[in-house]
Amino acid sequence: MEKIKILHCIETISSGGVEVLRLGFARNMDKTKFDLKIICTNAIGPIKKALEEEGIEIIEVGQFGSPFEPSKYLKVLNVIKHYSPHIVHGAVFEGMCMAAVGGFFGKVKGIILEETSDPSNRSLKAIFLQRLLASSADKIIGISPAVCEFLNTRVNIPESKIFQLSNGIDFNYLQAKKKKITKSQLGLSAEDFVIGAVGRVHDKVKRFSSILMALEKINKPTIKVLLIGDGPDLDDLRNLSCIKGISDQFITVGFREDTSSFYELMDCFCIPSANEGFGMVAAEAMFYKLPVIASNVGGLKNVVQDEITGILFQPNDINTLAISIIRLYEDNVLRKNMGEAGFLRARSLFGISHYTEIIQHLYQTIYIEKYSKPC
């Protein structure tokens, strides 16, 4: 049988979860059965390099000025004309637009769209546009039960079109990038209890400030926060820690590709987001046997099992967050049990092998439905 040619359409390739997942798929897919190319708006950084090292061609079309910019779709159609993909798979808004419009006018028989974020606050105009794009698709992937419910009840996509598939963590890839970092190098002592947090520092969404406010309430100098990530609100968070008198308890290292180097220094993990489509870093932390304190929103409700693999709390509930931190700080057995349970859950449900197996089966199913010749 010929190789099934897949054209992934996404927005910028830099350091986000969508492109990390594409890299995980590229590294683990059956290259005897599948061929992959990626269209994106722009590509920079180590993930671009890693994809190219896997032999994946990346075609940049430039940033969109509007959802329906003709020059961009002409570039997409030109790629489709020369590559002749069997399936186009679009994720993130620009990626879905490229896959739906390019796939339709390029007469690609298999079209998959993927909702990768928490759409609960989406405008009516955006919902209408998503419904329009979905009309040309064969399947719409939702990355959590909450996202799938939104697609069905708010966007009015039929259940038969919706396909739930959680993101996959490439643990071996994370481990390969690990470097030897000690607590002392970060100004931490062996006795310090370290709350970990990872992500783009956009506080309206990620709400890292909630951890700092909980830390102020707890008032225990040996409890520290280690934040891995960069973004527009990082300086504001540092200023907040100074105002709250806890700057010595707030350690930031900026964006780091080798996140695994830091997970191993943490005693628990916290993701207090206002919304999350999936919560990939929560699943990553579970691979490192960390109990996870998470806000009870979006995909996090599916990743973290309350009182089993971690603790769920309502976003912005600083009192409950502080109590949850103290519980884990004071109870070594609880931390260990939750960490072990989280590891088993992550390994069985959120590994890249599990993801790759399912997405390859979806591609094969659509290929057989669309391209098999009748007897």
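Helix 9 (residues 209-218) is mostly covered, since seven of its 10 residues are buried, where buried means under 20% relative accessible area, exposed over 50% and partly exposed in between, with a 1.4 Å probe and protein chains only. The buried residues of helix 9 are S209, S210, I211, L212, A214, L215 and I218, and just after this helix N219 takes a positive phi of about 60 degrees. Helices (H or I, at least four residues) and strands (E, at least two) are DSSP runs numbered from the N terminus.

This is a predicted model, in which local features need pLDDT of at least 70 and side-chain atom pairs count only at pLDDT 80 or more, while totals for chains, interfaces and linings use all residues. Residues are numbered from 1 along each chain as its sequence is written, and side-chain values use heavy atoms, with hydrogens and water left out.

Seven strands form an open sheet with parallel pairing, in the order 3-2-1-4-5-6-7, and two strands count as paired if DSSP finds at least two bridges between them. At the edges lie strand 3 (57-60) and strand 7 (162-164), each of which pairs on one side only.

| Strand pair | Bridges | Residues standing opposite |
|---|---|---|
| Strand 6 (residues 139-142) and strand 7 | Three | I141 and F163 |
| Strand 12 (residues 292-295) and strand 13 | Four | I293 and I311 |

Strand 13 (residues 310-313) is covered on both faces, with G310 and L312 buried on one side and I311 and F313 buried on the other.

The largest nonpolar core has 102 residues, and those with the most contacts inside it are I13, L51, L113, Y263, M266, F269 and V292. Such a core is a set of buried Ala, Val, Leu, Ile, Met, Phe, Trp, Tyr and Cys residues joined through side-chain atoms within 4.5 Å. Leaving aside residues up to four places away in sequence, V292 touches F269, I271, A282, A285, M286, V304, T309, G310 and I311, a contact being heavy atoms within 4.5 Å.

Q130 is found in helix 5 (residues 124-134) and is buried, with a relative accessible area of 6%. Its side chain is joined to that of R122 by a polar contact of 3.2 Å, that is, a pair of N or O atoms within 3.5 Å; within protein, one must be able to donate a hydrogen and the other to accept it, and residues adjacent in sequence count only if both atoms are side-chain atoms. Not counting residues up to four places away in sequence, Q130 touches M96, E115, R122, F150, L151 and V155.
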